[in-house]
Amino acid sequence: MKRITIAILALILMGLLIPTGFATDSNLVITYGESTYANSDYKSAVDAFFVNQANVDLKNVDSKIITADQVNKVSSGITGKSYSSDQIFSSAFLDLKDNDNLEVSVDKSKITTVTGNMYISALKSAGITSGHVYVTSPMQATGESALAGIMNAYEEATDVKIPDNVKEAANDEIYTQAEIVENSGVDAEKLSKLVDDVKQEVSGDNVTDHNTIVNIINNYVQNNNLNITNSDIENLADTIEQ
């Protein structure tokens with residue numbers, strides 16, 4: 001599958017791999033990119049977002065610093081890129097006690113590409129259906145790499161292992177949608193809704209044939225007047241088929 005190839009690659013993997021060590025009975029998890037944690041102004045800005053959005057006392061929340069070495073373990077298998085310790089910014093806060101549904105709040109002033117609905121769609125594909133996730137960065141970033149960290153944080157908080165192939169499929173979904181938004185200019189929320197609707201139809205009818213999935217996507221694209229290419233549709237079909 002074609003990967004994002006232009007300037008946003010510099011921001012793709014800015015943070016959010018969650019190492020082991022959280023207590024499994026904790027329902028609150030926060031992670032800091034090491035560049036954010038090392039800069040008091042950056043950390044304060046991230047903390048202020050989480051406090052204001054989640055109404056939480058961060059003194060009662062376990063936190064971990066996410067390093068470039070940890071990020072590069074994933075980037076090597078996705079983009080082949082290697083990132084230095086001054087490029088790890090993105091941060092996430094997860095509250096599993098907040099509600100019975102899945103909600104994602106994205107700092108739109110900092111996260112420029114991936115929307116809350118994109119995260120929700122991909123997380124549901126990974127079997128995550130409840131809790132409240134907050135995503136931010138002290139500077140602008142695409143937000144694509146956040147999904148890997150969010151899923152790992154859920155694993156630590158719930159002591160439930162998400163299979164690697166499911167993580168890969170969810171990551172592919174995020175990358176594919178982000179690439180289409182970047183290259184075609186299609187509205188991110190409309191694209192996310194299309195993907196969610198198609199997944200529901202494919203799942204409900206137990207569709208596994210690639211060409212059938214392509215036809216379903218084509219119908220939704222035409223009905224919603226979305227301007228995406230045949231290549232985009234093929235890539236979406238690949239991710240949904242997974």
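Residues are numbered from 1 along each chain as its sequence is written, and side-chain values use heavy atoms, with hydrogens and water left out. Because the model is predicted, local features need pLDDT of at least 70 and side-chain atom pairs count only at pLDDT 80 or more, while totals for chains, interfaces and linings use all residues.

Helix 4 (residues 116-125) and helix 6 (residues 164-184) pack at an angle of about 155°, their axes lying 8 Å apart; helices are DSSP runs of H or I with at least four residues, numbered from the N terminus, and axes are lines fitted to C-alpha atoms over the stretch in contact, with angles from 0 to 180 degrees between N-to-C directions. The two helices are therefore roughly antiparallel (angles over 145 degrees). Contact (heavy atoms within 4.5 Å) is made by Met118, Tyr119, Ser121, Ala122 and Ser125 of helix 4 with Val166, Ala170, Glu173, Ile174, Gln177 and Val181 of helix 6.

Asp232, Ile233, Asn235, Leu236, Ala237, Thr239 and Ile240 of helix 9 are buried (under 20% relative accessible area, 1.4 Å probe, protein chains only). Their cover includes helix 6, helix 7 (188-204) and helix 8 (210-223).

Glu201 lies in helix 7 and, at 29% relative accessibility, counts as partly exposed (between the buried limit of 20% and the exposed limit of 50%). Glu201 touches Ile216 and Tyr220, residues up to four places away in sequence not being counted. The C-alpha atoms of Glu201 and Ile216 are separated by 8.4 Å, at 15 residues apart along the chain.

Definitions and conventions
Parallel < 35°, antiparallel > 145°, perpendicular 65-115°, else oblique.
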